[in-house]
Amino acid sequence: MLTGDYLKADECFYNAISIQQTHQPSLMMSGIVAVMFEHYEEAQTFLERATSIEPAGVVAWTLLGLFHEGQNDSFKAEKAFLEANRQLRTEDTMRQRDREEQTDKEEEKDKDETEGTDQGSESHQGPPASNISSRSDPAKISSVIYRETVQFLLQNNALQMAERALAQELLCSDGGRTVSFLLCLAQLQLLRADYCSAAASLKEALFHGFQDVDVWALNGHCHYLSGKFRDAQQSYERSLDFQQLPEEAYSVFLRLGSIYLQEEKFERAKAIYLQASHHSPSCLTWLGMGIACYRVGEPSLPILSDLAWHGHRLLPGKTPPAAHTDQANIAALERAALDYQRMMVWKLEEMAEAEDALTEANHLNNLNAEVWGYLSLICLRSGRQAEAEQTYKYAIRLNLQKESLLREIKELQDQLGFGDPFFHF
């Protein structure tokens, strides 16, 4: 669906249904693809089958209503939308009941812990007034059914049907172009690579919902995809300033971390990838962490060569040469030697941390060529010839595409004289 290969998508959904005939998402998506191919009888069969599965849910009935609306069958469309509305109220009732049961359990636990007191015993004589009617009433179709359907369609890249659902949401919304509507509209525009329109929608959304964390996150995505990395960085950082993380926190972490790496802000990149690895650990989060640590610990050759020269000529306790008997020079050389030693210890620690992160990334996905490439760099710098050759071999076999990383590995191999198992004299 994302690449526009709808025939292949249809085949995949068909295979999913053949494995599990009650797999509702595949039934719904098969119906949507059938609509795109104008196979309307087939589409109706799939969508009606989706609504027959218990619990049918809001999205299945809303999609059936959108289908009938597209067929100009307003009676069946209205009937399906009303059923979706009823499903929404049922789900709200169940959620409300679950909240009340959880509250009762917590109060009972508090009561047991504070035996002998009557605190709070009369403050909760019954369940609180339900706010379900504020969302929708039986006589009116709620715009929420379209919002939930739009989210499902956007997640599955069914953009044509998502646009129709958005239009229905706007018609049913009492508040006009709400923040949630504008957010979904911007997502649709981004999926269509219409970055200018998405930026305009997000600007309007920020005007109405300046404190909405998801709007800031999507605004960052819009700038990032447009190549405006400085603006993307500011929006991403703003989205992470809130107590609640955005729904797409994983993407925010990865993209913000990549921006920091591009700008050589390696300490910031390290911090953001570490946060990402705690929140949603994956091969990519640990890879980012490993790259950041490697770049922090990577020796800076001009500085190290200068300090190494001083450190070699004057280690602590070593007698200085006759030419350097001046006390001020001696003190300066001693400080340089100590600074060199401290820096080397710190960089070795960063290298060890980088290897740990990359090893974790490798455990999560041992088919990522970039992970093997950076492991090869670490093995080269630590003088482990056999491991350097082995990791490099895996990187090449997995078709490492990053030219800058390949060039860096080759230069270090040439400099050290080992690490390439394919090299023959």
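Of the 63 residues in the largest nonpolar core, Leu63, Ile145 and Leu153 touch the most other members. A nonpolar core here is a set of buried Ala, Val, Leu, Ile, Met, Phe, Trp, Tyr and Cys residues joined through side-chain atoms within 4.5 Å, and buried means under 20% relative accessible area, with exposed over 50% and partly exposed in between (1.4 Å probe, protein chains only). Helix α9 (residues 179–191) gives the most to this core, namely 9 residues. Leaving out residues up to four places away in sequence, Leu63 touches Met28, Ile32, Leu47, Thr149, Phe152, Leu153 and Met161, where contact means heavy atoms within 4.5 Å. Another core, of 47 residues, lies apart from the largest one, and among its members are Leu287, Tyr294, Ala395 and Leu400. In soluble globular proteins, nonpolar side chains tend to be buried together.

The structure is a predicted model, in which local features need pLDDT of at least 70 and side-chain atom pairs count only at pLDDT 80 or more, while totals for chains, interfaces and linings use all residues. Residues are numbered from 1 along each chain as its sequence is written, and side-chain values use heavy atoms, with hydrogens and water left out.

**The chain as a whole**

The chain has 20 helices and 0 strands; helices (H or I, at least four residues) and strands (E, at least two) are DSSP runs, numbered from the N terminus. Of its 425 residues, 42% count as buried. Among the contacts in the chain with a separation of 6 or more, 60% are between residues 24 or more positions apart.

**Two helix pairs**

Helix α4 (residues 57–70) and helix α7 (residues 144–155) have axes that come within 9 Å and cross at roughly 95 degrees; such axes are lines fitted to C-alpha atoms, for helices over the stretch in contact, and the angles run from 0 to 180 degrees between N-to-C directions. That angle makes α4 roughly perpendicular to α7, since angles of 65 to 115 degrees count as roughly perpendicular, under 35 as roughly parallel, over 145 as roughly antiparallel and the rest as oblique. On the α4 side the contact is made by Val58, Val59, Thr62, Leu63 and Leu66, and on the α7 side by Ile145, Tyr146, Glu148, Thr149, Phe152 and Leu153. These residues divide into 8 nonpolar, 2 polar and 1 charged, with Ala, Val, Leu, Ile, Met, Phe, Trp, Tyr, Cys and Pro counted as nonpolar, Asp, Glu, Lys and Arg as charged, and the others, Gly among them, as polar.

Helix α13 (residues 249–262) and helix α15 (residues 283–297) pack at an angle of about 20 degrees, their axes being 11 Å apart, and α13 and α15 are therefore roughly parallel to each other. Their contact is made by Tyr250, Leu254 and Leu261 of α13 together with Leu284, Thr285, Ile291 and Ala292 of α15. By class, this contact of α13 with α15 has 6 nonpolar, 1 polar and no charged residues.

**Individual residues**

The table lists the accessibility of some single residues.

| Residue | Relative accessible area | Class |
|---|---|---|
| Gln233 | 5% | buried |
| Cys184 | 3% | buried |
| Glu360 | 32% | partly exposed |
| Asn72 | 72% | exposed |
| Asn157 | 16% | buried |

Gln233 has its place in helix α12 (residues 229–239), whose buried residues are Ala232, Gln233, Ser235, Tyr236 and Ser239. The elements that cover these buried residues of α12 include α11 (213–225), α13 and α14 (266–279). Not counting residues up to four places away in sequence, Gln233 touches Leu256, Ile259, Tyr260, Glu263, Lys265 and Arg268.

Cys184 is found in helix α9, and, its neighbours within four places in sequence left aside, Cys184 is in contact with Val150, Gln151, Leu154 and Leu166. Cys184 and Leu154 are 30 residues apart in sequence and 8.2 Å apart in space, C-alpha to C-alpha. Glu360, found in helix α17 (residues 327–364), is 78 residues from Ser282 in sequence and 8.8 Å from Ser282 in space, C-alpha to C-alpha.

Most residues other than glycine have a negative phi. Asn72, in the loop between α4 and α5 (74–113), has a positive phi of about 60 degrees although it is not a glycine. Asn157, in the loop between α7 and α8 (159–172), likewise has a positive phi, near 60 degrees.
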